[in-house]
Each structure stands twice: as structure tokens, then as C-alpha cells.
Amino acid sequence: ENSLQKTSTCSSVKPSGIFASPYALNLSSFTKLIKRLQERHPEFSKQEIVEAVQELRKINKGVLSGLAISSIEEKTSAIL
């Protein structure tokens with residue numbers, strides 16, 4: 001009868017109504033990273049910065065987890 005109780009615990013819906021996968025990038029950290037990079041490199045567009053972060057992920061065998069935000073920021077800056 002109550003299908004909500006039967007849903008998987010592998011994912012959740014945050015109070016804001018946004019679906020959160022356990023495998024998704026922490027969007028808050030990602031947003032902060034992009035904002036810091038935009039402040040550091042105002043000459044680059046947000047899209048260019050996101051592409052540089054994606055390039056770093058590719059270089060780092062598809063993952064960024066385990067790297068400190070400051071390290072990601074430094075390595076992305078080097079790519080830019």
C-alpha cells in the first residue's frame with residue numbers, strides 16, 4: 001500500500017526535493033570548487049573551468065574522490 005517505504009535505501013530525496021544518488025558528486029563541494037576557480041581565474045568562463053575539472057578527472061583515472069579540494073584547485077589551475 002505504501003510504496004514509498006518499499007523504495008531502495010541506495011538513493012534518497014533530499015528535503016529540497018532533489019534526488020541524491022550515493023554515487024553522485026557532492027554538488028555542494030563541486031559548486032564551491034567552481035566558484036573558487038572562477039574567482040581565481042576570472043578570464044575563463046564557467047564552462048571552461050568545468051571542462052578543466054573534467055579533464056583532471058580523466059587524467060586521474062576517472063575519479064577525484066580522495067583528493068583535497070585545494071589539490072583539485074591547484075591541478076585544475078595548472079590545466080587552465
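## Exercises on a predicted model

In this predicted model, Ile34 touches Lys46, Ile49, Val50 and Val53, when residues up to four places away in sequence are not counted. The exercises start from this residue.

**Exercise 1.** State which residues of α1 and α2 meet, and how they divide into nonpolar, polar and charged.

*Solution.* 
Step 1. On the α1 side, the residues are Phe30, Leu33, Ile34, Leu37 and Gln38.
Step 2. On the α2 side, they are Lys46, Ile49, Val50 and Val53.
Step 3. Sorting the residues of this contact gives 7 nonpolar, 1 polar and 1 charged.

**Exercise 2.** Describe how α1 and α2 are placed relative to each other.

*Solution.* 
Step 1. Two packed helices are described by the angle between their axes and the distance between the axes.
Step 2. The axes of α1 and α2 come within 10 Å, and they cross at roughly 120°.
Step 3. The crossing of α1 past α2 is right-handed.

**Exercise 3.** List the residues of the largest nonpolar core and find which elements give two or more residues to it.

*Solution.* 
Step 1. The core has 9 residues: Leu33, Ile34, Leu37, Ile49, Val50, Val53, Leu56, Leu64 and Ile72.
Step 2. Two or more residues come from each of α1 (27-40) and α2 (46-59).
Step 3. The largest share is that of α2, with 4 residues.
Step 4. As background, nonpolar side chains in soluble globular proteins tend to be buried together.

**Exercise 4.** Decide whether Thr76 and Lys61 are buried or exposed, and locate each one.

*Solution.* 
Step 1. Thr76 belongs to helix α3, which covers residues 69-79.
Step 2. Its relative accessible area is 0%. Buried means under 20%, so Thr76 is buried.
Step 3. Neighbours within four places in sequence aside, Thr76 is in contact with Leu37, Ile49, Ala52, Val53 and Leu56.
Step 4. Lys61 lies in the loop between α2 and α3.
Step 5. The relative accessible area of Lys61 is 79%. Exposed means over 50%, so Lys61 is exposed.
Step 6. Lys61 also has a positive phi of about 60°, although it is not a glycine.

Conventions: Residues are numbered from 1 along each chain as its sequence is written. This is a predicted model: local features need pLDDT of at least 70, side-chain atom pairs count only at pLDDT 80 or more; totals for chains, interfaces and linings use all residues. Side-chain values use heavy atoms; hydrogens and water are left out. Buried means under 20% relative accessible area, exposed over 50%, partly exposed in between (1.4 Å probe, protein chains only). Contact means heavy atoms within 4.5 Å. A nonpolar core is a set of buried Ala, Val, Leu, Ile, Met, Phe, Trp, Tyr and Cys residues joined through side-chain atoms within 4.5 Å. Axes are lines fitted to C-alpha atoms, for helices over the stretch in contact, and angles run from 0 to 180 degrees between N-to-C directions. A crossing is left-handed if the near helix is turned anticlockwise from the far one by less than a right angle, and right-handed if clockwise. Ala, Val, Leu, Ile, Met, Phe, Trp, Tyr, Cys and Pro count as nonpolar, Asp, Glu, Lys and Arg as charged, and the others, Gly among them, as polar.
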